[in-house]
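Please look over the sequence and the model below before reading on.

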Amino acid sequence: MAVPGGGAAAALALTLLLLLCSCVSGAAHASSALRHAVPRGDGGGGLCGQLLLPLGYPCTEHTVETNDGFLLSLQHIPHGKNGVADNTGPPVFLQHGLFQGGDTWFINSVEQSLGYILADNGFDVWIGNVRGTRWSKGHSTFTVHDKARLSAVSFSEAFSSFGYTVLFWDWSWQELAEYDLLAMLSYVYTVRQSKILYVGHSQGTIMGLAAFTLPEITKMISAAALLCPISYLDHVSASFVLRAVGMHLDQMLLTMGFHQLNFRSDMGVQIVDSICDDGHVDCNNLLSSITGENCCFNGSRIDHYLEYEPHPSSTKNLHHLFQMIRKGTFARYDYGLLGNLRRYGRLSPPPFDLSSIPESLPMWMGYGGLDALADVTDVERTVKELRSTPELMYIGGYGHIDFVMSVKAKDDVYVDLMRFLRLRANGSLHSSY
């Protein structure tokens, strides 16, 4: 992993330390909910036991191992609460976004959450959880003690950790696309002996678009529906994100040896406060400063949402996303000139070529005019580079979170999304619409 060297590294680390130590109470409102929320994802029973089984939905937990040793949790909901066990519909795989887990598809009411809606409408639902989330914390080699020690690095330890490779957190969305998706989709494909309908949101679309350039993955996919599709991030306008990019937060954290990014930790809360406290970002509405405005997010359920989210991710993943913003590319992780030569045999990281996605792969994309992350201009660039012509749903009043958490998404988005999936599914489906 390439990090700034020598005096530059020390300067970056010292800058971040001063920022974190100078936090004042003025931004306490921005992160007070994070400080006091108790995550339920750490409890027993898994996602099935905590969210679906208590409501009468059939749900089983599955574990798959990636080629690099990570143990990922999958959930399987074969039908709705009132479905017939031996009448399983076509498999649909749901992939969550950044700092989220599979719970995001069930976090609203049964009538509003896409996961429940798909199961109740005859789909065979499979839920993916990438490495590092609270549902997928395992590895075939690393022990719980290793992960706890590596994720609990203190300030004093940080300054002695330059050059220390934290293997468990040494990944970005590139590995999520090339390893995690491959393992999870292969498992579903083997179990069902059928091609899979793919649905992704935000980072789940980055992973999908990158993975669809790989023949070994596209052969398993019958169609893809992308909510807030991202391959380019040139036009991100979220104030919190731009401030973090401008202050080189990603590089500071890597230099200091903070390889896990967990906004539930004291360190994570201090990071939020430090960005909010400097006067450049209005964090009175922290969600809007990160994602842009959202028309139909149910703010009264925020305490419930915080029982499950945000999930951890890696600092390297954040660094990769910030590379995309700074460089305007959709490419593999940039390790620097020498690192790229060693890994890729070239000075710059190879791009993910959207034109290599098969023209025969049907695609549907939903995006919004208020989205400060999946900007309309960037979405249009993505569409232009594809060989196929995806079906597009544009909602001018929708933001980034609305496509998965809007109280109106069932009628605004999911009816048309399911129409698209049904057209690409094998066999007939029962519909409640």
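A residue is called buried when its relative accessible area is under 20%, exposed when that area is over 50%, and partly exposed in between. The model shown here is predicted. By this cut-off, 57% of the 433 residues of the chain count as buried. The chain has 19 helices and 11 strands.

The largest nonpolar core has 124 residues, and F93, Y198, F330 and L421 touch the most other members. Helix 7, residues 173-192, gives the most to this core, with nine residues. What is F330 in contact with, leaving aside its neighbours within four places in sequence? The list is W173, I206, L209, A210, S231, Y232, M324, P351, F352 and L354.

Among contacts between residues at least 6 apart in sequence, 78% join residues at least 24 apart.

Next comes empty space. Rolling a probe the size of a water molecule over the atoms shows where such space is left. How many cavities of 30 Å³ or more does a search of the whole structure find? The search finds one. The largest cavity holds about 50 Å³ of space. It is lined by 14 residues, and V130, T133, Q203, P312 and S313 are the closest to its centre. The lining divides into six nonpolar residues, seven polar and one charged.

Strands come next. Strand 1 (residues 60-65) and strand 2 (residues 70-77) run antiparallel and are joined by six bridges. H62 stands opposite L74 in strand 2. Four residues lie between the two strands of this hairpin, where G69 takes a positive phi near 95°.

The last stop is S355, in the loop between helix 16 (336-344) and strand 10 (363-368). Is S355 buried or partly exposed? S355 counts as partly exposed because its relative accessibility is 30%. Not counting residues up to four places away in sequence, S355 touches E385 and R387. The C-alpha atoms of S355 and T213 are separated by 8.2 Å, although these residues are 142 residues apart along the chain.

Notes
Residues are numbered from 1 along each chain as its sequence is written. This is a predicted model: local features need pLDDT of at least 70, side-chain atom pairs count only at pLDDT 80 or more; totals for chains, interfaces and linings use all residues. Side-chain values use heavy atoms; hydrogens and water are left out. Two strands pair if DSSP finds at least two bridges between them. On a 1 Å grid over the protein atoms alone, a cavity is a set of points where a 1.4 Å probe fits but cannot get out, and a pocket is an open set with protein on both sides within 12 Å along at least five of seven lines; lining residues have an atom within 4 Å of a point. Grid points are joined across faces, edges and corners, and a volume is the space filled by probe spheres set on the points. Ala, Val, Leu, Ile, Met, Phe, Trp, Tyr, Cys and Pro count as nonpolar, Asp, Glu, Lys and Arg as charged, and the others, Gly among them, as polar. A nonpolar core is a set of buried Ala, Val, Leu, Ile, Met, Phe, Trp, Tyr and Cys residues joined through side-chain atoms within 4.5 Å. Buried means under 20% relative accessible area, exposed over 50%, partly exposed in between (1.4 Å probe, protein chains only). Contact means heavy atoms within 4.5 Å.
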